[in-house]
Protein chains: 4
Amino acid sequence: MIIQLIPCISPAQEQELNKLLDSLQIKVMKVSAASATYLVAVLKQEIDIRKVGELSGVADVHRLTDPYKLVSHQWKVDPTEIDLGDGVVINRKDFTIMAGPCSIESEAQIEQVVANLVKNNIKIMRGGVYKPRSSPYAFRGLGMNGLKMFYKACHAQGIKIITEVMQVSQIEPMYDYVDIYQVGARNTQNFNLLDALGKTDKPVMIKRGISGTIDELLQSAEYVFSAGNEKILLCERGIRSFEHAYRNTFDINAIPILKEKSHLPVVADASHGIGLRKHVPKIVLAGLAAGADATIVEMHPEPEKALSDGQQTLNFSEFDKLVAKINSIKEILM
Amino acid sequence: MIIQLIPCISPAQEQELNKLLDSLQIKVMKVSAASATYLVAVLKQEIDIRKVGELSGVADVHRLTDPYKLVSHQWKVDPTEIDLGDGVVINRKDFTIMAGPCSIESEAQIEQVVANLVKNNIKIMRGGVYKPRSSPYAFRGLGMNGLKMFYKACHAQGIKIITEVMQVSQIEPMYDYVDIYQVGARNTQNFNLLDALGKTDKPVMIKRGISGTIDELLQSAEYVFSAGNEKILLCERGIRSFEHAYRNTFDINAIPILKEKSHLPVVADASHGIGLRKHVPKIVLAGLAAGADATIVEMHPEPEKALSDGQQTLNFSEFDKLVAKINSIKEILM
Amino acid sequence: MIIQLIPCISPAQEQELNKLLDSLQIKVMKVSAASATYLVAVLKQEIDIRKVGELSGVADVHRLTDPYKLVSHQWKVDPTEIDLGDGVVINRKDFTIMAGPCSIESEAQIEQVVANLVKNNIKIMRGGVYKPRSSPYAFRGLGMNGLKMFYKACHAQGIKIITEVMQVSQIEPMYDYVDIYQVGARNTQNFNLLDALGKTDKPVMIKRGISGTIDELLQSAEYVFSAGNEKILLCERGIRSFEHAYRNTFDINAIPILKEKSHLPVVADASHGIGLRKHVPKIVLAGLAAGADATIVEMHPEPEKALSDGQQTLNFSEFDKLVAKINSIKEILM
Amino acid sequence: MIIQLIPCISPAQEQELNKLLDSLQIKVMKVSAASATYLVAVLKQEIDIRKVGELSGVADVHRLTDPYKLVSHQWKVDPTEIDLGDGVVINRKDFTIMAGPCSIESEAQIEQVVANLVKNNIKIMRGGVYKPRSSPYAFRGLGMNGLKMFYKACHAQGIKIITEVMQVSQIEPMYDYVDIYQVGARNTQNFNLLDALGKTDKPVMIKRGISGTIDELLQSAEYVFSAGNEKILLCERGIRSFEHAYRNTFDINAIPILKEKSHLPVVADASHGIGLRKHVPKIVLAGLAAGADATIVEMHPEPEKALSDGQQTLNFSEFDKLVAKINSIKEILM
């Protein structure tokens with residue numbers, strides 16, 4: 001059950017509400033998001049929700065059968081848009097493209113990428129400065145210095161930044177330089193990190209776990225929303241299967257299913273989703289056809305020399321062709 | 001290694017070739033397909049293939065690193081087209097649509113479906129008369145009587161038929177009433193069935209195994225080709241994964257990978273690929289965007305009353321909208 | 001629902017029973033097995049089974065919630081024993097060992113294996129003469145000649161034979177030379193083959209499909225039983241997963257689950273289950289500890305020279321040590 | 001490559017070594033563990049390691065082909081023992097049992113469990129105070145207060161404690177009350193957490209990721225060791241597969257494979273490995289038979305009332321029988 005409170009609920013109204021809930025033995029979690037305040041409960045018995053709805057402090061009340069609540073489509077019919085400011089909005093109408101290298105490597109690299117984004121009228125750049133790596137001996141990213149360099153180059157051109165945050169202690173230092181925090185596939189169920197990101201006011205893109213179910217992804221988003229942050233993007237990036245002819249099995253089915261279950265926007269990460277450069281454009285287009293709101297794509301001036309993920313990264317010419325193709329069909333498909 | 005023989009090789013030329021192969025200790029399988037005759041060998045050591053190519057009975061010779069040979073793109077660059085006669089050809093240019101019910105149920109049902117195919121200018125109807133069912137107590141199809149009924153209604157309207165064959169002894173009785181034999185996902189590695197279908201001259205569509213790898217699907221196609229039948233379609237229909245929010249995990253990645261590895265046409269079975277009626281059209285479009293040559297879709301006058309697979313079957317109005325959408329984008333995507 | 005008929009039911013009794021079933025709109029399948037005759041129905045509504053039980057031709061009647069019926073533990077509490085004659089019985093008490101090469105290769109090979117079985121007091125030899133192979137160019141077995149050679153050597157020493165049958169047309173020619181028909185993992189859902197084996201009176205061991213669920217294995221066994229053959233063994237041989245550090249993921253959990261769900265004996269195929277020779281004995285012991293009734297193990301005089309599966313095949317000394325270990329703990333574990 | 005330094009290496013010796021490594025263009029990570037100091041390098045080219053070995057500051061040098069280094073069996077042949085003090089040592093000889101509830105719930109609960117451990121001569125108790133839960137609305141554990149309560153009851157009886165740590169900031173507060181830090185399956189690739197645990201001197205048990213490969217688990221252990229902590233346990237707890245007849249697919253194969261690849265002890269978590277109470281003992285025994293060094297088992301005075309995981313938790317009588325069975329066979333199996 002989700003109880004949406006009126007904007008300026010009085011202490012007396014709130015007290016009355018709590019009294020009713022207590023009498024019904026319902027425990028709620030209070031969620032203060034930017035657009036509204038909610039009380040959320042996992043109901044264990046049937047109750048007459050009209051009793052709650054009649055109270056003067058209650059704007060609306062919804063019964064939900066989904067295990068996740070605030071991120072469910074059952075109560076919020078309108079799709080959520082993510083507004084990054086300066087006119088950059090992620091929603092279905094535009095099929096937003098986010099692109100850039102796997103890792104931020106150097107000022108020169110950033111500037112070349114920014115220039116190619118500007119040329120293609122792309123407004124969001126991706127790039128990692130904290131890199132989760134299976135081996136402790138691999139390149140782990142340039143850290144805060146890299147991020148500041150990244151920010152400086154993008155800010156000058158009106159480009160927004162999405163980059164991965166790996167742990168709670170990084171959230172605050174990164175805050176001024178980030179437009180979207182990315183939670184990686186290995187951290188999808190790092191509940192402390194999700195909780196802490198729920199307390200910021202910047203958008204959070206959560207990647208599906210390496211073998212995470214669709215419901216687990218939605219529950220992870222619920223962690224962020226229930227801690228107060230309603231600006232969430234869901235990202236399909238491929239799952240682990242028995243097939244090894246490619247890197248991950250891009251779960252195209254997840255796109256319409258996530259759109260059906262949740263009001264949150266869905267991003268297709270085709271680069272990780274197939275992991276093979278020559279096939280990435282086909283999978284981006286498939287994601288668009290399946291109903292994704294946005295895509296995130298790896299692009300690098302010289303993929304062959306990239307410090308990470310070069311084998312799944314487009315060069316500029318491949319990227320330009322993909323953007324042109326997307327522009328030629330997106331209106332028919334949306 | 002594939003050795004392509006000249007059309008009218010003489011016994012003397014063939015003997016000379018065999019002598020050379022013997023001296024090189026190479027064992028070959030002779031494959032007489034409609035368009036050419038081949039000798040195929042799995043080489044265990046390096047040989048100088050020019051020695052073979054110089055012989056007068058040899059039209060061409062190819063070295064291949066793939067585990068499958070005749071179905072590989074390494075030696076045959078041109079995509080294979082499947083010609084069903086009467087101007088019905090399956091190839092990338094047209095994004096062929098095959099549609100119809102999971103099971104053939106009655107004359108009335110067939111006629112309604114045929115009428116809707118004609119209306120949409122679709123030339124191939126699917127429909128099962130032998131149904132592989134997990135439980136011995138489930139409906140197993142109408143058998144040969146159903147097939148004859150199916151044929152009669154389609155033939156009158158110039159509609160071609162694709163239907164599943166489950167065992168060797170069915171191949172011959174079905175022959176006169178079938179345009180494409182379908183091998184189901186549970187029979188992808190029924191090697192006796194593949195061998196026997198390789199001896200017919202009708203096209204064969206092989207579905208990928210429930211958890212079959214891409215390479216295994218290509219090896220199964222190799223069984224058919226190496227027995228003499230080069231008219232093969234490969235069908236992606238979803239694989240089994242841990243995710244249970246839908247029926248199967250449609251492996252969108254498999255489409256570009258199969259097109260890269262093989263010259264055979266690739267069919268996207270979106271109905272089994274997601275198993276949820278309302279999302280089937282999205283997955284068909286994704287398949288088209290990813291490069292499939294054709295699609296196979298379940299359609300029924302009243303999906304709610306279908307004897308099998310109703311929950312993944314489109315009704316006529318849903319199907320008509322999908323066809324219109326496909327027609328509006330296929331030229332841009334192909 | 002399973003209705004067990006009395007041994008010498010009269011036509012009048014049978015007619016009365018059918019009348020009652022008709023009036024209840026229940027469709028049954030009649031199953032005539034060696035030990036009893038059953039009518040099996042998948043009930044779609046609740047009925048009072050006492051009405052059926054009261055009829056004079058009915059020995060017993062059982063309501064079942066499982067999707068499979070005759071193979072379920074719900075109605076048959078006693079574990080099924082498989083009697084191969086001459087005192088060779090497969091049941092939990094003895095932890096039966098079946099061993100031998102992947103492929104039958106030569107008379108000398110068979111004789112060496114038989115000698116080592118006799119030395120270890122093992123009564124059942126495995127060996128393939130029809131080999132399902134992913135590639136059409138691989139060794140496909142010695143066929144009927146190999147089987148006859150196999151039979152001759154085993155028969156002389158009182159050794160029983162288990163070997164794979166790949167298609168319906170092989171069942172009859174193989175009959176005189178086989179004690180247990182094996183259905184391979186690629187044929188677990190070859191329903192025509194299962195049906196046909198249900199009409200023989202020889203035991204059938206069904207391997208779990210490469211990615212088959214436990215319920216699908218039980219349904220496949222139901223095919224055999226419902227066609228009249230109650231002598232069935234279930235074989236766990238590893239499933240396909242994302243892990244590639246070994247050949248298959250031996251599903252140790254399946255053993256206690258199968259024993260809980262069915263009265264049929266369960267065989268642990270550790271050779272395919274891990275696919276690495278040095279670890280096979282550990283997995284056999286784990287299977288015993290988990291409650292398997294029997295094991296099937298690949299053994300060869302010279303695994304390095306085996307025509308197939310050498311990398312998972314024990315040599316004689318490894319096998320002898322394993323047998324000794326099994327003998328030292330089986331009584332404590334059973 | 002692993003270079004083991006002599007215990008009291010002089011600055012001059014270290015300088016000479018660094019000079020040589022520089023000249024060979026080898027970058028090393030210096031690892032100061034309790035028992036020795038190592039320099040670890042991932043070699044990109046072939047070098048003559050004897051040159052390194054000849055230097056006076058070098059105790060030993062090893063070339064390794066594994067992607068993980070310090071945790072590999074290639075350089076350290078002796079199995080690692082984990083000494084918890086007071087005579088409690090985890091190693092193959094004793095098949096150590098760790099048992100207790102999923103969640104610490106109350107003083108009474110802890111005391112009952114401790115009493116049953118003492119009765120069975122078990123020296124390590126498990127119990128969670130920080131619980132990773134898919135849903136933000138589920139019980140998340142008693143936290144530090146629960147841990148102190150847990151410690152008090154165990155300390156009085158000489159029982160050691162293993163409990164899960166979820167984030168870096170918990171490590172220090174938990175330190176005085178914990179004998180083994182557990183890293184859960186959702187944190188197996190939380191590299192910041194692993195790094196930080198590598199800087200403590202308490203043992204760390206790492207659970208395999210929900211769909212983690214064996215190599216990924218070893219790489220995660222490498223994170224801990226390369227940060228200085230060599231006291232690591234590897235825990236197999238089941239992987240995610242398509243099969244849903246039980247909770248997880250216990251990967252019995254992983255046990256001998258981990259023992260082959262690494263010198264670290266391997267723990268079998270059968271409770272999560274099958275997730276069904278009645279079958280847990282069979283899987284514990286299978287783990288023992290497959291070569292595990294230890295097991296971790298969920299036990300609760302009243303599993304039906306447990307706040308989490310009750311369906312996979314043994315009661316005292318089931319646990320006592322399991323311990324007796326283990327004691328009766330462990331000597332034969334080890």
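This is a predicted model: local features need pLDDT of at least 70, side-chain atom pairs count only at pLDDT 80 or more; totals for chains, interfaces and linings use all residues.
A rotation of 180° places chain C on chain B, with 0.0 Å of shift along the axis and an RMSD of 0.0 Å. The two copies are thus related as by a two-fold rotation axis. In chain C, the C-alpha of Ser211(C) is the one nearest this axis, at 2.9 Å.

The interface between chains C and B joins 25 residues of chain C to 25 residues of chain B. On the chain C side, helix 6 (191-197) and helix 7 (214-226) each give two or more residues. Helix 7 of chain C provides the largest share, five residues. By class, this side of chain C holds 11 nonpolar, 10 polar and four charged residues.

Chain B also touches chain A. Here 31 residues of chain B are in contact with 31 residues of chain A. Four helices of chain B give two or more residues each to this side: helix 7 (214-226), helix 8 (254-261), helix 10 (280-290) and helix 11 (316-333). The largest share comes from helix 10 of chain B, with seven residues. The class make-up is 19 nonpolar, eight polar and four charged residues.

Chain D contains an open sheet of four strands. The strand order is 2-3-1-4, and the pairing is antiparallel. Strand 2 and strand 4 (58-62) of chain D stand at the edges. Each has a single partner strand, so one side of each is left without a neighbour in the sheet. Neighbouring strands of the sheet are turned against each other by 20° on average, direction ignored. Within the sheet, strand 1 (residues 2-5) and strand 3 (residues 37-40) of chain D pair in the antiparallel sense over three bridges. One residue pair can be named here: Ile3(D) has Leu39(D) in strand 3 as its bridge partner.

Gln25(A) is not a glycine, yet its phi is positive, at about 55°. Gln25(A) sits in the loop between helix 1 (11-23) and strand 2 (29-32) of chain A. Gln25(A) is exposed, because 9 other C-beta atoms lie within 10 Å and the limit for exposed is 12 or fewer. In chain D, Gln25(D) has a positive phi of about 60°, again without being a glycine. Gln25(D) lies in the loop between helix 1 (11-23) and strand 2 (29-32) of chain D. With 9 C-beta neighbours inside 10 Å, Gln25(D) also counts as exposed.

A loop residue of chain B, Tyr177(B), was examined as well. Tyr177(B) is placed in the loop between helix 5 (168-174) and strand 10 (180-183) of chain B. Tyr177(B) has 19 C-beta neighbours inside 10 Å and therefore counts as partly exposed. Leaving aside neighbours within four places in sequence, Tyr177(B) is in contact with Leu147(B), Lys148(B), Tyr151(B) and Ile161(B). Tyr177(B) and Ala12(B) are 165 residues apart in sequence, and their C-alpha atoms are 42 Å apart in space.

Technical notes
Residues are numbered from 1 along each chain as its sequence is written. Chains are lettered from A and ligands numbered from 1 in the order in which they are written. Copies are superposed by least squares on the C-alpha atoms of residues with pLDDT of at least 70 in both. Two residues are in contact if their C-beta atoms, placed from the backbone, lie within 7 Å. Ala, Val, Leu, Ile, Met, Phe, Trp, Tyr, Cys and Pro count as nonpolar, Asp, Glu, Lys and Arg as charged, and the others, Gly among them, as polar. A residue is buried if 20 or more other C-beta atoms lie within 10 Å of its own, exposed if 12 or fewer, and partly exposed in between; C-beta atoms are placed from the backbone. Two strands pair if DSSP finds at least two bridges between them. Axes are lines fitted to C-alpha atoms, for helices over the stretch in contact, and angles run from 0 to 180 degrees between N-to-C directions.
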